[in-house]
Amino acid sequence: MARDYRKQTQCRLCERPNLSNVINLGSTPLANSFLKEKQLRNKEKRYPLKVNFCKNCHHLQLSHIVNAKKMFDNYLYITNNSKQNRDHFKNYAIDIQKKIKSKKKIPILDIASNDGTFLSYFNKKKYIRLGVDPAKNLSKFSKKLGVEQLVMYFNHKNSFKIRSLFGKFKIITANHVCAHVDNLNDFFRGVKNLLDNDGIFVFEVSYLGSVIQKKTFDTIYHEHADYHSLKPLINFVKKFDLEIFDFRKVKSQGGSIRIFISHKNTLVVNKDKINKQILKEKNELNLFKIQNYRNFSKQIKLVKLNLNKLLIKLKKEGKNIAGYGAAAKTTTLLNYFNIDKKIINFIVDDNKLKQNRYTPGTHIPIKSSEKIYKSNVDYIIILAWNYSSYIMKVHKRFKRDRGKFIVPFPKIKII
């Protein structure tokens with residue numbers, strides 16, 4: 001039987017074989033493989049979840065890559081699920097619109113366009129909008145928003161199909177997808193093929209510096225093959241005669257970096273800003289030192305010990321604990337920390353696609369947030385920690401009823 005994953009033997013960016021394992025989170029199910037009740041009887045497939053450091057270009061990446069079709073053909077994450085997400089993408093769209101001025105209609109392509117939310121913030125009177133996403137189940141949402149969406153994986157080969165139908169694009173975007181792509185070289189060749197001569201390619205990815213600072217190891221899961229910092233990306237894009245001319249640090253997904261790319265020598269490069277950030281990555285964040293990641297691994301084990309100690313103590317006191325947020329990162333946290341339905345009674349999530357399913361590996365039932373007020377819950381552990389402030393604001397009533405929130409990152413807090 002053919003394996004549906006493979007071991008990565010060379011760096012995904014510089015293609016050199018100088019890889020060292022720095023983090024080992026054991027084996028976990030796929031992060032978004034939330035189960036229906038009838039699937040609980042089946043044996044779940046688990047995959048190695050380990051992280052390698054490239055000693056050549058200093059890029060951090062997974063040691064094993066799972067076949068994309070296993071993860072993305074039917075996808076349960078939707079962009080439109082939270083106001084915080086919608087506000088982020090609205091502001092993001094404004095940021096991009098400032099970069100490109102034209103009296104003609106501007107063609108824009110969004111790669112991994114999900115439910116079309118991001119493209120909906122580009123006025124159809126001014127923009128020719130096209131989305132590409134492999135998840136068939138999401139195209140109905142983009143249709144409702146009036147956004148045209150092709151159901152396909154984006155790669156170099158498919159870029160020729162897109163070009164023959166729609167031509168080149170002034171703006172290409174890809175949000176939180178570059179870390180998901182199996183073959184990044186092929187992906188960027190596709191972007192290069194479709195990007196107009198004076199066009200810009202903008203993508204957003206989780207920022208490695210934020211992961212290390214906040215100890216957010218739970219952003220490590222099989223969909224995220226890469227953990228990006230600025231310097232390795234600068235060298236990587238040069239291979240395609242492209243260059244990074246600007247970047248932004250943004251708060252989304254617990255801390256991300258937005259990268260602006262153009263064809264080489266077409267736009268003014270913000271050299272001072274870029275060089276300052278690279279120095280920060282080197283001297284302050286220590287992103288180019290292997291020992292930094294070995295220390296990080298030890299810190300994760302300490303968080304695991306302390307959180308387990310707290311939850312077990314509360315259970316012994318007879319407290320009822322619920323979770324908030326059946327996010328992909330929740331799968332990593334629950335499985336690596338060995339937290340199951342004996343500890344957490346149920347998890348609530350606002351995404352209807354996940355409600356009445358069960359968490360991968362740990363089989364905790366997922367309910368709507370109304371369940372909080374229909375059950376005798378003493379504590380809610382916020383598993384979608386990047387939305388902590390928003391969740392606590394929306395559920396003031398729970399605090400008013402003397403309930404308490406547990407925020408696990410960057411430091412365990414009881415509120």
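**Helices and a sheet in a predicted model**

Tutor: In this predicted model, helix 8 and helix 9 are oblique to each other.

Student: Why are helix 8 and helix 9 called oblique?

Tutor: Helix 8 (residues 230–237) and helix 9 (residues 271–284) pack at an angle of about 125°. Angles of 65 to 115 degrees count as roughly perpendicular and those over 145 as roughly antiparallel; the pair is therefore oblique. Their axes are 9 Å apart.

Student: What makes the contact of helix 8 with helix 9?

Tutor: Helix 8 contributes Leu 230, Lys 231 and Ile 234, and helix 9 contributes Ile 274, Gln 277, Ile 278 and Glu 281. Of these residues, four are nonpolar, one is polar and two are charged.

Student: Why is helix 6 described as largely enclosed by the rest of the structure?

Tutor: A residue counts as buried under 20% relative accessible area. Nine of the eleven residues of helix 6 (residues 184–194) are buried, so the description holds. Among them are Leu 184, Phe 187, Phe 188 and Val 191.

Student: How do you know that Asn 183 caps the N-terminal end of helix 6?

Tutor: A side-chain oxygen of Asn 183 lies 3.2 Å from the backbone nitrogen of Asn 185, and a polar contact requires such atoms to be within 3.5 Å.

Student: What makes strand 8 and strand 12 edge strands?

Tutor: The open sheet has seven strands in the order 8-7-6-9-10-13-12. Strand 8 (148–151) and strand 12 (242–250) each pair on one side only.

Student: How do you know that strand 7 and strand 8 pair?

Tutor: Pairing requires at least two bridges, and four bridges join strand 7 (residues 127–133) to strand 8. These two strands run parallel.

Methods
Residues are numbered from 1 along each chain as its sequence is written. This is a predicted model: local features need pLDDT of at least 70, side-chain atom pairs count only at pLDDT 80 or more; totals for chains, interfaces and linings use all residues. Side-chain values use heavy atoms; hydrogens and water are left out. Buried means under 20% relative accessible area, exposed over 50%, partly exposed in between (1.4 Å probe, protein chains only). A polar contact is a pair of N or O atoms within 3.5 Å; within protein, one must be able to donate a hydrogen and the other to accept it, and residues adjacent in sequence count only if both atoms are side-chain atoms. Axes are lines fitted to C-alpha atoms, for helices over the stretch in contact, and angles run from 0 to 180 degrees between N-to-C directions. Angles under 35 degrees count as roughly parallel, over 145 as roughly antiparallel, 65 to 115 as roughly perpendicular and the rest as oblique. Contact means heavy atoms within 4.5 Å. Ala, Val, Leu, Ile, Met, Phe, Trp, Tyr, Cys and Pro count as nonpolar, Asp, Glu, Lys and Arg as charged, and the others, Gly among them, as polar.
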